Amino acid sequence: MRYTRRDFIRAGAAAGISTFAAMPPGRAAQVKSSGLLTFSDWIQADREARKRGLEQCLQRIRELEPSIHAWVQVQPERPTGDGPLAEIPFGVKDIVETKGMATEYGSPLYKGRVGTDDAAIIREMRSRGAILVGKTVTTAFAYRTPGPTRNPRNVEHTPGGSSSGSAAAVAAGMVPFTIGEQTRGSMLRPASFCGVTGFKPTHDLLPMEGVLPLAKSLDTLGLYTHTPADMIALWKALEKPTGSEEQFAFAAAEPIPECDPEMANAFRQAITLLRRSGMTIKPIDIAGQLKKLVEAGDVLEGYEGARVHEARLKEFGDRLDPAIANLVRNGLKIPAEQYDEAKRFIAESRIRFAEIFKSTPVMLTPAAVGPAPLGLSTTGDPRMNAPWTALGTPAISIPMPLAGGLPLGLQLTADLGQDSRLLRAAVLLSQRFSAGPKISPA
């Protein structure tokens, strides 16, 4: 029997996440519903139901957090205003400033640090009535060193990074949505690994004031929900444009960018399924361009990240996280000419891709190299996501309809500013997936 996301959340809340995998067939369906689960459930519920739902979220956190480790601190804060998000709880990655709440950047050097003000994105959420439940785990300084968070789909595997806690909290049903951030692949890769929807809007569309920087040319806030339908509902609640239904041809990367066999097989089957459902999907050879964009993004991250964290290396020396220390040492060696050349290449690539988007407004690629790696020593490879972060284009990862095994995500991207078009396309593809057969990536 294949467990649905709702079965997973219900069973996890009732029996504890670590015992879910051992439950006999049919048991999950017998677990009594614990109430509101997805953002769509919450947005459709009345205010009283939402108030009751908060305690259910906190109970789920109490039961599952010992196995998942998604949170730095849980300290529900009342909203500062009212609006469409009234009484809806959310979590935020611990590189975002929060007044009176832990803001430790995933680093033991900042253990016990408390924020002195709310970041702009937190002010926006709270002014619309949302309840900030707490801070979610990040890798150290939102870079490479993994935190303690485990993947709710299989706790022996990584949830990805650096937005590990934000993705895991949604996947485990602890809150209906969370805020993460992406500099290379830190939103979309965890979404793929954890089997949720992760959305990275157009660069700088969501305000970065009060967010710890790594590379300002790349850093982008994003959102996690369970499904694309949840995401577009959240986008609407934030009073962002949601567009209208359109008909157009999609593009799919062919040859597929280098990835694991499971992902390559699932991607091929997903494209076949969508074509059989009546969608027009044209092959497009962009693998070489994507590889060069990854390299250009590496230069930007190294050059800018070194200058952001140079003062920390001077202050803390050998106590600084080794990955960040190496980023600073190596990044300071990057010549300004190489940095400028990388920026020129990315600008030229934006023009080239804008032309492609005119005939195929949404492109499809794998959302990760493969399924979540075993263990917590790595957060995975960001190269499937990094090109779109470098370009600044909106991108979203949605779960593919697998028959079993660890989750795999399909990545969609569109041109700069076409966020509503991208969200609509993600909802459409999700609907086609739901109506079709399951995929066997083996």
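These legends go with close-up views of a predicted model.

Local features here need pLDDT of at least 70, side-chain atom pairs count only at pLDDT 80 or more, and totals for chains, interfaces and linings use all residues. Residues are numbered from 1 along each chain as its sequence is written, and side-chain values use heavy atoms, with hydrogens and water left out.

**View 1. The largest nonpolar core and its second, separate neighbour in the list**. A nonpolar core is a set of buried Ala, Val, Leu, Ile, Met, Phe, Trp, Tyr and Cys residues joined through side-chain atoms within 4.5 Å. Buried means under 20% relative accessible area, exposed over 50%, and partly exposed in between (1.4 Å probe, protein chains only). The largest such core has 86 residues, and Met125, Leu364, Leu410 and Leu412 have the most contacts inside it. Helix H10 (residues 261-276) supplies the largest share of this core, eight residues. Helices (H or I, at least four residues) and strands (E, at least two) are DSSP runs, numbered from the N terminus. A second, separate core has 34 residues, including Ala296, Ala342, Phe357 and Ala395. In soluble globular proteins, nonpolar side chains tend to be buried together.

**View 2. What leucine 412 touches**. Contact means heavy atoms within 4.5 Å. Not counting residues up to four places away in sequence, Leu412 touches Val362, Met363, Leu364, Pro394, Ala395, Ile396, Ile398, Leu422, Ala425, Ala426 and Leu429.

**View 3. H9 against H15**. Helix H9 (residues 228-237) packs on helix H15 (residues 419-435) at an angle of about 150°, with the axes 8 Å apart. Axes are lines fitted to C-alpha atoms, for helices over the stretch in contact, and angles run from 0 to 180 degrees between N-to-C directions. So H9 and H15 are roughly antiparallel; the cut-offs are under 35 degrees for roughly parallel, over 145 for roughly antiparallel, 65 to 115 for roughly perpendicular, and oblique for the rest. On the H9 side, look for Pro228, Ala229, Met231, Ile232 and Trp235; they meet Asp419, Leu423, Arg424, Ala426, Val427 and Ser430 in H15. Sorted by class, this contact has eight nonpolar, one polar and two charged residues. Here Ala, Val, Leu, Ile, Met, Phe, Trp, Tyr, Cys and Pro count as nonpolar, Asp, Glu, Lys and Arg as charged, and the others, Gly among them, as polar.

**View 4. H10 across H15**. The axes of H10 and H15 come within 10 Å and cross at roughly 90°, so H10 is roughly perpendicular to H15. Ala270, Leu273 and Leu274 in H10 meet Leu429, Arg432 and Phe433 in H15. By class, that's five nonpolar, no polar and one charged residues.

**View 5. How H9 is covered**. Seven of the ten residues in H9 are buried: Pro228, Asp230, Met231, Ile232, Leu234, Trp235 and Ala237. Their cover includes helix H4 (39-44), strand E4 (177-182), strand E5 (197-200), strand E6 (220-225), strand E10 (395-399) and H15. After H9 comes glutamate 239, with a positive phi near 60°.

**View 6. Arginine 128 in its loop**. Arg128 is found between helix H6 (120-127) and strand E3 (131-136) and is buried, with a relative accessible area of 15%. Leaving aside neighbours within four places in sequence, Arg128 is in contact with Asp82, Gly83, Pro84, Leu85, Ala86, Ala237, Leu238 and Glu239.
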